[in-house]
Every structure is written in C-alpha cells, then in structure tokens.
Amino acid sequence: MDRAVDLDDVAVVLAERIARWTSAGLEVGTATWRDATASWPQPLETDRDRVPDPDSIGVVISGPAEAVLSVVLFRGGWADVDFVADLEDAGCLPASDITSASDFGNRMDQWVTRVFGSPGSVR
C-alpha cells in the first residue's frame with residue numbers, strides 16, 4: 001500500500017485536538033493502530049510501539065444523545081468515516097485523497113462539526 005499519509009504525524013494532529021473536543025463535552029477513545037505485517041486477522045493495538053509497520057489509525061468520538069463518529073485513516077490516503085448524529089441522521093462520509101496529516105486534521109474538524117455541531121454547541 002502506498003504511503004500517502006504519515007500516520008505518526010496524524011497521531012500528533014489528533015492529540016492536538018483532544019483537549020478541545022473533551023472541553024466541548026465529547027469523549028475521545030484511545031487511538032487504535034493496525035500493523036500491515038501482522039497475520040490475518042490483524043489485531044488492533046492501542047500501544048503504537050507494538051505496531052512496527054502501521055497501515056491504519058482509528059479513533060471513536062462520542063457525544064451527547066448517543067452521537068458517535070468513528071474514523072479509520074489508512075496510510076494510502078483514504079478513511080472509513082461512519083457516524084450517528086441522531087436516529088434520523090447516520091451514515092458514511094466521503095473521505096478520499098487525503099494528502100497529509102494537516103489535511104486529515106482539517107477534515108476531522110469538519111466531520112466533528114458535522115456530527116456534533118460547532119464546539120460551543122456540543123454540551
């Protein structure tokens with residue numbers, strides 16, 4: 001798989017946002033990593049040191065009224081983005097051609113706003 005995005009840089013971008021999200025009333029789960037060289041089924045790890053060749057990083061963010069955003073970014077530059085904003089608003093969001101950790105961070109900001117509203121409206 002091509003390496004369009006450095007997942008360690010993505011972890012830094014996520015860490016920079018966690019305080020803002022939690023202060024807005026969101027719960028941010030521990031990042032999970034998947035190793036490209038692990039045998040199938042590839043386990044998810046929460047300890048980056050246990051993943052010598054990461055091919056994905058994922059995070060789940062939960063909010064009020066059981067809203068949830070699940071994002072798994074693959075180093076090839078695409079992500080699986082699933083959400084439930086409420087009972088009538090759920091699905092997948094488009095996430096391809098991600099070119100950098102910064103690009104991913106900007107998209108995360110958009111996805112969080114899409115699912116939970118602006119940071120001041122989350123509580």
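1. Aspartate 53 and arginine 3 form a salt bridge in which the closest N and O atoms are 2.7 Å apart, a salt bridge being a side-chain nitrogen of Lys or Arg within 4 Å of a carboxyl oxygen of Asp or Glu. Aspartate 53 lies in the loop between strand 3 (44-45) and strand 4 (54-62), while arginine 3 lies in the segment before helix 1 (7-23), so the pair ties together parts that are 50 residues apart in sequence. Helices (H or I, at least four residues) and strands (E, at least two) are DSSP runs, numbered from the N terminus. The model is a predicted one, in which local features need pLDDT of at least 70 and side-chain atom pairs count only at pLDDT 80 or more, whereas totals for chains, interfaces and linings use all residues. Residues are numbered from 1 along each chain as its sequence is written, and side-chain values use heavy atoms, with hydrogens and water left out.

2. By the salt-bridge rule the count comes to nine. Another of these pairs joins glutamate 45 and arginine 50, with the closest N and O atoms 3.0 Å apart; glutamate 45 is buried at a relative accessible area of 17%, and arginine 50 counts as exposed at 55%. Salt bridges that share partners also join Arg3, Asp53 and Arg75 into one network.

3. Arginine 20 counts as partly exposed at 38% relative accessibility, and aspartate 109 is partly exposed with a relative accessible area of 22%.

4. Helix 1 and helix 2 pack at an angle of about 30°, with their axes 9 Å apart; axes are lines fitted to C-alpha atoms, for helices over the stretch in contact, and angles run from 0 to 180 degrees between N-to-C directions. The residues that make the contact (heavy atoms within 4.5 Å) include Arg20 and Trp21 of helix 1 and Phe104 and Asp109 of helix 2.

5. The largest nonpolar core has 30 residues, of which Leu69, Leu73, Phe104, Met108 and Trp111 touch the most other members. Such a core is a set of buried Ala, Val, Leu, Ile, Met, Phe, Trp, Tyr and Cys residues joined through side-chain atoms within 4.5 Å. Helix 1, strand 4, strand 5 (68-74), strand 6 (78-86) and helix 2 each give two or more residues to this core, and helix 2 gives the most, with seven residues. Leaving aside neighbours within four places in sequence, leucine 69 is in contact with residues including Val60, Phe83, Met108 and Trp111.

6. Serine 56 has its place in strand 4 and is buried, with a relative accessible area of 4%. Leaving aside neighbours within four places in sequence, serine 56 is in contact with Leu7, Thr32, Trp33, Arg34, Val72, Leu73 and Phe74.

How values were computed
Buried < 20%, exposed > 50% of the residue type's maximum accessible area, 1.4 Å probe, protein only.
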